[in-house]
Amino acid sequence: QKNMKQVILKVDPNADSKGSANDILKALGFESATHYQFCSLTNIDRDYPDIIDDLEKIWAEVDNEYDFPYFAHVSLGWDKNPRYQTFCPGIVRKNTPENVQKAFEKARDYADAHPGQPPLIVINSWNEWTETSYLQPDNLYGYGYLEACKKVFMES
C-alpha cells in the first residue's frame, strides 16, 4: 500500500484531493498490483514472523482499499549490508526456512481466498545475494528455502 501511494504522489503530489488511490491507479492503467520487498511495507529490523503478521494486515488493507487483483508477495529476507562498508540498519532476523515456509503458507492461503484472480504469488528472490533475499541453496540452510517452497506449492 505504501508503494502504491508513493507512485501516486510521484505522478501528482496533490493526488489525495483528486480521487482515491484506487481510482488514480485505475486511471493510470493499473490492472493489478504487488510489492517488491518487505522493507517498503513495514519495519524490517526485527524477527521474520513479526513481519509476516504485519503483511497479513497489509494484505487485508489492500483488499479493502483497492478493487483490482493484488498478488501476495513473500521476501526471503533483507540485509543490504553486503553492499556497503558501513553498517546500514534494517535487517530481517530469523528468516529460517521454517519461518519462510509459514510465509509461503499464508501467501498461498491469501491466493486461495481470491479464487476470481490468477493464483499468483510473487517471491523475492531467486538470487539477491547482496540483499540476503534468495531461494538458491547456501552454506547455512542448504536447500531449505527451496524445500519450503516445494512443500507449500507442490506437495499440498
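I began with Asp109, which is partly exposed at 40% relative accessibility (buried is under 20% relative accessible area, exposed over 50%, partly exposed in between; 1.4 Å probe, protein chains only). Its salt-bridge partner is Arg108, with the closest N and O atoms 3.5 Å apart; the rule I used is a side-chain nitrogen of Lys or Arg within 4 Å of a carboxyl oxygen of Asp or Glu. Arg108 also counts as partly exposed, at 22%.

A note on the source: this is a predicted model, where local features need pLDDT of at least 70 and side-chain atom pairs count only at pLDDT 80 or more, while totals for chains, interfaces and linings use all residues. Residues are numbered from 1 along each chain as its sequence is written, and side-chain values use heavy atoms, with hydrogens and water left out.

How many salt bridges does the rule give? I get 9. One of them pairs Asp47 with Lys94 at 3.4 Å, N to O. Asp47 sits in the loop between α2 and α3 and Lys94 in the loop between β1 and α4, so the pair ties together parts 47 residues apart in sequence. (Helices are DSSP runs of H or I, at least four residues; strands are runs of E, at least two; both are numbered from the N terminus.) Lys94 is exposed, at 51%.

Next I checked Asp53 and Lys106, a salt bridge with closest N and O atoms 3.9 Å apart. Asp53 is in helix α3 and Lys106 in helix α4, 53 residues apart. Asp53 is partly exposed at 37%, and Lys106 is partly exposed at 25%.
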